[in-house]
Amino acid sequence: MTIQEERYWMYNRLLPGRKGLTVEFIEGVETFIQVASQLRSFQFDKMFRCPYSKHKNLAFLKPDDVKLDLYRRGFLPNYWIWTSHGEYEPHRDAHAGSSTAYEAFDEYQMSRPYEDLIFDVAGHNLRSNVEEPPNAETQKFFELLYSAQKPIWEGCSTHSELSIAVRMLSIKTEYNISRECFNDVIGLMKETNPADNLIPSDLYRTKKLVSKLGLTATKIDCCINGCMLYYKDDAAEVICRNCNAPRFKQNSGKQRRPKKDVSYSRLFYLPIIPRLQRLYASMSSAGHMRWHKEKIAKSDVLSHPSDAEVEGEGIWHGFTGFCY
């Protein structure tokens with residue numbers, strides 16, 4: 001029996017005439033909730049990814065909210081194998097001809113505890129006994145690991161110093177909370193928890209803790225009209241060479257100390273090298289990064305182009321999936 005035949009209930013949600021939910025779907029959703037609740041990450045924060053067709057396993061919700069979403073709209077298309085909820089995903093081994101193998105994903109590939117992710121990024125195997133003296137960059141990850149393992153107060157089993165910082169920053173971004181509001185909320189949390197708790201006291205200290213992950217952004221000033229970037233050879237310019245628009249805002253009033261120049265417009269560049277390093281360092285994502293090299297394309301079968309010759313000034317159009 002194939003996985004699709006076994007889980008036919010996932011897309012057999014409504015009774016004829018849309019008069020209610022099928023018994024198979026209700027029982028299947030209960031099975032899914034039980035499977036997802038076995039993840040160690042669920043034991044950590046009592047939440048897991050929602051496979052509702054709109055959330056697409058990107059939102060973390062409580063089981064009752066996930067169940068309600070599934071009852072209303074159902075699963076996202078073709079989610080037969082619950083890879084975001086601890087299951088294995090079948091892959092064809094590029095070095096084994098036509099044989100099919102199961103490439104082991106971590107139990108919580110998409111929603112695992114922070115300490116596993118940190119070790120993965122740092123290039124260390126949690127299941128290995130090999131110890132190496134860490135370099136300066138790796139040492140930062142060990143410090144972050146130490147923070148991830150410390151509960152916010154003695155006896156707390158739900159959150160660590162790192163998890164509460166990441167969660168609060170996620171809430172701030174999702175609801176567009178101002179700095180002042182964030183500081184007041186996290187200050188109240190710190191006051192109402194037991195003394196000597198490890199909850200960061202403000203936004204600055206919260207960001208400083210998470211910044212040890214190393215995935216920073218480079219801020220580059222740009223023309224307010226989008227004409228140029230104040231970068232490299234133009235980093236010292238204060239007026240746009242195309243439209244003569246000023247780079248910085250004027251300081252109003254008399255100040256005892258000169259204010260720092262504030263640009264009218266700024267972009268955030270995400271350096272690609274650190275992100276590629278982390279994708280290749282993780283056991284669960286390195287295989288996907290090698291797909292173009294190891295994938296064996298079948299003849300006469302429409303598939304994603306890989307290892308193909310590019311003629312002339314070909315451009316890879318990454319959004320549509322076609323090569324021009």
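A nonpolar core is a set of buried Ala, Val, Leu, Ile, Met, Phe, Trp, Tyr and Cys residues joined through side-chain atoms within 4.5 Å. The model is predicted: local features need pLDDT of at least 70 and side-chain atom pairs count only at pLDDT 80 or more, while totals for chains, interfaces and linings use all residues. Residues are numbered from 1 along each chain as its sequence is written, and side-chain values use heavy atoms, with hydrogens and water left out.

**Figure 1. Overview of the chain.** The chain holds 12 helices and eight strands, taken as DSSP runs (helices: H or I, at least four residues; strands: E, at least two) and numbered from the N terminus. Of its 324 residues, 31% are buried, meaning under 20% relative accessible area, with exposed over 50% and partly exposed in between (1.4 Å probe, protein chains only). The accessible surface comes to about 22500 Å², and carbon and sulfur atoms account for 53% of that surface; areas come from the Shrake-Rupley method with a 1.4 Å probe, and for residues only the protein chains shown count as cover.

**Figure 2. The largest nonpolar core.** This core has 20 residues, of which Phe-32, Val-66 and Phe-75 touch the most other members. Helices α2 (23–36) and α4 (63–73) each supply at least two of the core residues, and α2 gives the most, with five. Leaving aside residues up to four places away in sequence, Val-66 is in contact (heavy atoms within 4.5 Å) with Phe-32, Ile-33, Phe-48, Cys-50, Pro-51 and Leu-61. Another core, of 13 residues, lies apart from it and includes Cys-156, Ala-165, Phe-182 and Ile-199.

**Figure 3. A nonpolar surface patch.** Tyr-269, Ile-272, Ile-273, Leu-276, Leu-279 and Tyr-280 make a nonpolar patch of about 570 Å². Patches are made of residues with over 30% relative accessible area and no salt bridge, with like charges joined within 9 Å and nonpolar side chains (Val, Leu, Ile, Met, Phe, Trp, Tyr) within 5 Å; a salt bridge is a side-chain nitrogen of Lys or Arg within 4 Å of a carboxyl oxygen of Asp or Glu. Helix α10 (residues 272–281) contributes the largest share, five residues. Tyr-269 belongs to strand β6 (residues 265–269) and is partly exposed, at a relative accessible area of 40%.

**Figure 4. Cysteine residues.** With a disulfide taken as a pair of cysteine sulfur atoms within 2.5 Å, the count comes to zero. The cysteine sulfur closest to that of Cys-223 is in Cys-243, at 3.6 Å, which is too far for a bond. Cys-223 is buried, at 3% relative accessibility, and Cys-156 is also buried, with a relative accessible area of 12%.
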